[in-house]
Amino acid sequence: MHEMALAEGVLRIVEDAARREGLSRVRAVWLEIGQLASVEPEAMRFCFDAVTKDSVAAGARLEIIATAGAAWCTQCSTPVALAALGDACPKCGGYRLQVIGGTEMRVTEMEVE
Amino acid sequence: MCNTCGCGADEVRIDGVAHAHRHAGGTAHGHDHDAGKVSGAQICENGAQPLHHAHAAGLPAARRLRIEQDILAKNDAHAAHNREQLNARGIFALNLVSSPGAGKTALLVKTIRALADRFEICVIEGDQHTSNDAERIRATGARTVQINTGKGCHLDAHMVGHALERLDPPQHGILMIENVGNLVCPAAFDLGEEHKVVVLSVTEGEDKPLKYPDMFRRSSLMLLNKIDLLPYLEFDLELCIANARRTNPQIGVIGVSAVSGEGLSSWFAWIEQGANHAHAAGPKAARAQEVGPAEQQMAFARSPMR
């Protein structure tokens, strides 16, 4: 359940921004979570609701945008789509893959008052 | 939770002492938050754009605030600070991860005893509760700090930073961080180590690298522990290694038994090579102790089981 620690990280970023910008309320928060980031969106939502309860972001909507997983296949020498870790290269069927995208976990935007 | 540094002050205990502190009013806090300051965070407003709905008069207008920040930025900043300190002292640091009961502590005890005459080994023990493991390690004479994470399912770089302050590890030594037993959560949290080493015991089944791929992807080495039990198990060794390499083609593999001692010499040699490298690199960033898969395959082949 590392989503709890991640949700606390999100809250820290939101509260820092709120302090800096003098915000009274945060209505929504957008996250970009990579397909290969090992984050369970439903757990993330649950934890976000729990940690923001008594904060400036209490009751805020959480929008999670999934970004696609991508890998470099050293056999094909080409970037390929990778839906899950442990999947084979869609071109050659091999596993000589280096993940190059889809592991990001970022706060990208907020709707604020 | 502390909003300045994010430490879970209510829960985390280091050697049994609560990490309670106050930031307001200039109260001494005992650690430096500079490492946790996120640099390069960009905030740019999209202007006070009215949203696509009408506002009743008197209600504050909503606007969009563009913010580009990694959720783990604070942890990563603390990790970078830890790494800097460790590199400055030429310390080789490993983050041992596994499920509970895979044998991390037993392996550590054997490792410390075998290498004690060549290296000073310090240990940071992570568990939700109890100092049982720290006591087992302390019995070897190694300097040890226990972190109890309370409800936390992993160590983070901030906790490890505090443990390092307390441990004050000597130059050119080895730091072993035994993470909370969990094959999921510790994967995302960089602690400032040189390598993650994942311990998988053969009683757990050969499919674990596929079930918990992130941990195996982020580890440099897989220690397959309890190989003395192989004759009694239906465990497909080749398949397990193939599964680990499906998520991480570079991962090294050494088969060991903390009980019988099989394979341990290869593991000790791997540590010694890394420690000598870190020592020689000194203050320079010694991030990559590259050991190619071919060489690691040999390390495995040399172990008595093959």
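**Where chain A meets chain B**

Okay, let's start with the contact: 29 residues of chain A and 32 residues of chain B take part, counting two residues as touching if their C-beta atoms, placed from the backbone, lie within 7 Å. On the chain A side, the elements giving two or more residues are α1 and β6 (105-112). α1(A) gives the most, ten residues. That side splits into 13 nonpolar, six polar and ten charged residues; nonpolar is Ala, Val, Leu, Ile, Met, Phe, Trp, Tyr, Cys and Pro, charged is Asp, Glu, Lys and Arg, and the others, Gly among them, are polar.

Quick housekeeping. This is a predicted model, so local features need pLDDT of at least 70 and side-chain atom pairs 80 or more, while totals for chains, interfaces and linings use all residues. Residues are numbered from 1 along each chain as its sequence is written, with chains lettered from A and ligands numbered from 1 in the order written.

Helices (H or I, at least four residues) and strands (E, at least two) are DSSP runs, numbered from the N terminus. α1(A) covers residues 3-21 and reaches 27 Å between its end C-alphas, close to the 27 Å expected from 1.5 Å times one less than its number of residues. Just after α1(A), Gly22(A) has a positive phi of about 65 degrees.

Now β6(A): six bridges join it to β4(B), residues 63-70, running antiparallel; pairing takes at least two DSSP bridges. Arg106(A) sits opposite Asp70(B) there.
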